[in-house]
Amino acid sequence: PQWTHHTWLRIRQAFDSVPPFNGPKSFGVLSAFKEILLQPKRGGTMFPINNSEEGVYVISGQLAWVSAEGEKGVLPRGSLQILSSGTGVLRSEANQCLEPLRYLQFSIRPRVLNVPPSTSEFIADGLTHDRRLNQWFQLAASCFSDEDDAPVRVNQDLNIYVTELDLVTKLSFDVASGRQCYIVCAEGDALATGCHGEETLAVGDAAMVKGPNCLTFSSLAKESAHWAHLLLLEMRA
């Protein structure tokens, strides 16, 4: 979207973190969810984190990250990283490129506290688009499950999926009883249909759905440059 700002950083926050708490403060184990726009050659300030599963999903641009221990890396479009901060880490995130960086940042309450800090990530490559095109590509699964296909692990009973829908495909997702999901429209516009009826998700919109529910998603785009790009976090209710 044509979303920019004259200052170096802009954040859209899904949950209320300060009074008077007019909206939801969390959703299940998901305690924070933000959409961030970071201007070129900005960022880099270290910040502390502990006892939280910190996730980033890159929508456009490249996210450069560094830890106080000297670990570092670059996450291109379509990449996911989960930082299990556990006993505590110092970390920075920056946009070292000449184009704006847009990404989703979220916090998950961990199942086990005070674990040694670790990072689990999926680095997108030339095949990533095909893996998520018109199908659910599972990016992350619980580190306590036997799911072997997901490249990223989370210290919680939570799964993360992504898809990008063309102009004609309809894609379903079953939310089981006792489960719930948080769906974000990262790009384009989508139509979500379920037992609640129909709901239009514009870019940046999110939906919270509790099971049992059979959801169907389709793109409302009129051209391929604006296909619906959805991120879905599925968790226990």
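At 52% relative accessibility, Asn-114 counts as exposed, and this residue lies in the loop between S10 and S11. Asn-114 also has a positive phi of about 60° although it is not a glycine. Most residues other than glycine have a negative phi, and most peptide bonds are trans. The structure discussed here is a predicted model.

**Backbone features in loops**

Asn-51 likewise shows a positive phi, near 45°, in a residue other than glycine. Asn-51 is placed in the loop between strand S4 (47–49) and S5. With a relative accessible area of 22%, Asn-51 is partly exposed, because the buried class ends under 20% and the exposed class begins over 50%.

A further backbone feature is the cis peptide bond that joins Gly-211 and Pro-212, with omega about 5°. Pro-212 belongs to the loop between S19 and strand S20 (213–219).

**The sheet from S1 to S11**

An open sheet of 6 strands, with antiparallel pairing, runs in the order S1-S2-S10-S5-S8-S11. Strand S1 (9–13) and strand S11 (118–122) stand at the edges; each has a single partner strand, so one side of each is left without a neighbour in the sheet. On average, neighbouring strands of this sheet are turned by 20° against each other, direction ignored.

Within this sheet, strand S5 (residues 53–60) and strand S8 (residues 80–84) pair in the antiparallel sense over 5 bridges. Gly-55 has Ile-82 as its bridge partner in S8.

Together with Trp-8 and Ile-11, Leu-9 makes a nonpolar surface patch of about 260 Å².

The loop between strand S10 (101–108) and S11 contains Arg-109 as well as Asn-114. Arg-109 is partly exposed, with a relative accessible area of 39%. The C-alpha atoms of Arg-109 and Glu-53 are separated by 6.3 Å, although these residues are 56 residues apart along the chain. Leaving aside residues up to four places away in sequence, Arg-109 touches Ser-26, Gly-28, Val-29, Ser-31, Asn-155 and Gln-156.

Strand S12 (residues 137–142) pairs with strand S14 (residues 158–165) in the antiparallel sense over 3 bridges. The bridge partner of Phe-137 in S14 is Val-162.

**Salt bridges**

The structure holds 8 salt bridges. The table lists some of them.

| Glu-35 | Arg-102 | 2.7 Å |

The salt bridge of Glu-35 with Arg-102 links distant parts of the chain: Glu-35 in strand S2 (residues 30–38) and Arg-102 in strand S10 are 67 residues apart. Glu-35 is buried at 5% relative accessibility, and Arg-102 is buried with a relative accessible area of 5%.

Glu-164 is buried, with a relative accessible area of 8%, whereas Arg-77 counts as partly exposed at 31% relative accessibility. Both residues take part in a network of salt bridges that links Arg-77, Arg-132, Glu-164 and Glu-187.

Arg-179 is buried, with a relative accessible area of 15%, while Asp-157 counts as partly exposed at 26% relative accessibility.

Terms used: Residues numbered from 1 in each chain as written. Predicted model: local features only at pLDDT ≥ 70, side-chain atom pairs only at ≥ 80, totals over all residues. Heavy atoms only, no water. Pairing = 2+ DSSP bridges. Helix = DSSP H or I, 4+ residues; strand = E, 2+ residues; numbered from the N terminus. Axes fitted to C-alpha atoms, helices over the stretch in contact; angles between N-to-C directions. Patch = residues over 30% accessible without salt bridge, like charges linked within 9 Å, V, L, I, M, F, W, Y side chains within 5 Å. Areas by Shrake-Rupley, 256 points an atom, 1.4 Å probe, with all protein chains shown as cover. Salt bridge = Lys/Arg side-chain N within 4 Å of Asp/Glu carboxyl O. Buried < 20%, exposed > 50% of the residue type's maximum accessible area, 1.4 Å probe, protein only. Contact = heavy atoms within 4.5 Å.
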